[in-house]
Amino acid sequence: MGVQAIPVTRSWSTRHAEKKRRIEAVRSWMDGPILQADRILDAMHLLIQAGDRIVIEGDNQKQADFLSRSLAKADPKKLHDLHLIISSISRPEHLTLFELGIAKKIDFAFAALGLRVAQLLEDGVLEIGAIHTYVELYARLFLDLTPNVVLVCAEEADKGGNLYTGPNTEDTPVIVESAAFHDGIVIVQVNRIVDKLPRVDIPSSWIDVVVESDRPYAIEPLFTRDPRKITDLQILMGMMVIRGVYERHQVHSLNHGIGFATAAIELLLPTYGESLGLSGKICEHWAINPHPTLIPAIESGWIKTIHCFGSEVGMSDYIRARPDIFFNGSDGSMRSNRVLCQLVGQYAIDAFIGSTLQLDGDANSSTVTAGRITGHGGAANMGHDPHGRRHASPAWLDLKTDPSPMVRGRKIVVQAVETFVKGDTPAFVETLDAVQVGRKAGMPIAPVMIYGEDVSHVVTEEGIAYLYKTEGIEERRRAIAAVAGISPIGLRAKPEETAALRRRGIVAYPEDIGVQRLSAKRSLLAARSMEDLVAWSGDLYKPPARFRSW
């Protein structure tokens, strides 16, 4: 006869009970879900407990800064050893929390304040759980990093607690959902409390506390690049990308990383691209923030659709007026979604092009350099070849080097870098600084942003290395050296080997693909100033004050 199990009495709703206890402690200060701003610190002392996992909405653009500033005023005797989860460390108070002892550990994807992060890590004040990609970090919110409390921001709330997140929706829905459906507490700062919302982006049943902030949430025009600062070298690289990558491989869907080199490509499409007869043949579908430098290409009929991670300061009126291009709601404003757009960038696009601070001889790259811990953001997510992809496209199939039906296609991953970052600092290095930084920080692996095995092309002012065509690691290294200029990696190149690579089409210099070096002038750009971008938009684009010179 088997042994009969003895039932063990336990509670299966401890998280629910604890949430209810905390909410009840502040109920008397609230009118429904609405909490007065002057009570936020008192409420935090009761809604948050020492050792909690806390998500602070700190995207690479919008910031729940009223809530992060308030948390930094907390009493460290009451709130300490918090485990922070922030997609982008962008606000000074994010790190002040560690200096005060309020927070102890952090998991993140990107750090705009990389120098300070490195110093706090060295001082033993801050502990890093891991440096993630954006999607990787969001995924863990539903697995082993489930938050106790989340601090997020929205444009507006009504008195019932429904939220309008608007064009800058970004990370908010996924953060809120991770808490709302696992008995975490959701605290939202809003710019305004109104009687009626333009639309409901997040329902009140997901929200616990709403507070009207002292000023609109902080947001940065992160993706705005002034055309005046685009150089002739960046224009040359842009011409090579259009001819040697986009035209050659028939790239219809893509993402551009942040930078002046990619801004140059966007401004060359209506001019140089048009002269090649490429409109309607390349660059039609984009997963990208609404870069102002895309306005001329949109107005010239190049672009069919754009799905956005977030919005961009000054672009709202223009986006509202172009609903055929952007994903706008019934109220007319765009709804961005960083998680979904990252998935678009991972699985749906033909090509990713980005830049980096360092690239080694195997094309591994990182923005983590000596004394500066930045992170990966979304580049590592979009800048890799996802083996889960199953749909085919001309560009994906064009990178096949074996005709067998059992061999998959390949995503185009381009690293576009000038051979020297600035002055005499080379972009191509023998060993990434990330290796030593990771070792010193006790990380199990070096914080590499994009692994060389995923990189299909390297583009510099010298030329293009078609890495996907190389046979073996040594040939790959020779191809990279051939376009690395007089950097430490470039000095390895041997003229006879480079000549052989050019004959086989593994390396192409500008003249090999019909690009005239002397034609790479600013006069080729469709817009050469912020004023030109405004004119292209029909005065719908409103640049931030820092970009205005008129």
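This is a predicted model: local features need pLDDT of at least 70, side-chain atom pairs count only at pLDDT 80 or more; totals for chains, interfaces and linings use all residues.
## Domains

The domain assignment divides the chain into domain 1 (23-219) and domain 2 (227-532). Their C-alpha centres are 33 Å apart. In the contact between them, domain 1 takes part with 34 residues and domain 2 with 31 residues.

## Second largest pocket

The second largest pocket holds about 470 Å³ of space. Its lining consists of 25 residues, and the closest to the pocket centre are Ile131, His132, Glu136, His376 and Ile445. By class, the lining has 15 nonpolar, seven polar and three charged residues.

Strand β7 (residues 127-131) contributes the most to this lining, with five residues. Both domain 1 (23-219) and domain 2 (227-532) supply lining residues, so the second largest pocket lies between the two domains.

## Helices α4 and α5

Helix α4 (residues 92-99) packs with helix α5 (residues 114-122) at an angle of about 10 degrees, and the two axes are 11 Å apart. Angles under 35 degrees count as roughly parallel, and α4 and α5 are therefore roughly parallel to each other.

On the α4 side, the contact is made by Pro92, Leu95, Thr96 and Glu99. On the α5 side, Arg116, Val117 and Leu120 make the contact. Sorted by class, the contact of α4 with α5 has four nonpolar residues, one polar residue and two charged residues.

Notes. Residues are numbered from 1 along each chain as its sequence is written. Side-chain values use heavy atoms; hydrogens and water are left out. Axes are lines fitted to C-alpha atoms, for helices over the stretch in contact, and angles run from 0 to 180 degrees between N-to-C directions. Helices (H or I, at least four residues) and strands (E, at least two) are DSSP runs, numbered from the N terminus. Angles under 35 degrees count as roughly parallel, over 145 as roughly antiparallel, 65 to 115 as roughly perpendicular and the rest as oblique. Contact means heavy atoms within 4.5 Å. Ala, Val, Leu, Ile, Met, Phe, Trp, Tyr, Cys and Pro count as nonpolar, Asp, Glu, Lys and Arg as charged, and the others, Gly among them, as polar. On a 1 Å grid over the protein atoms alone, a cavity is a set of points where a 1.4 Å probe fits but cannot get out, and a pocket is an open set with protein on both sides within 12 Å along at least five of seven lines; lining residues have an atom within 4 Å of a point. Grid points are joined across faces, edges and corners, and a volume is the space filled by probe spheres set on the points. Domain bounds come from an automatic or database domain assignment.
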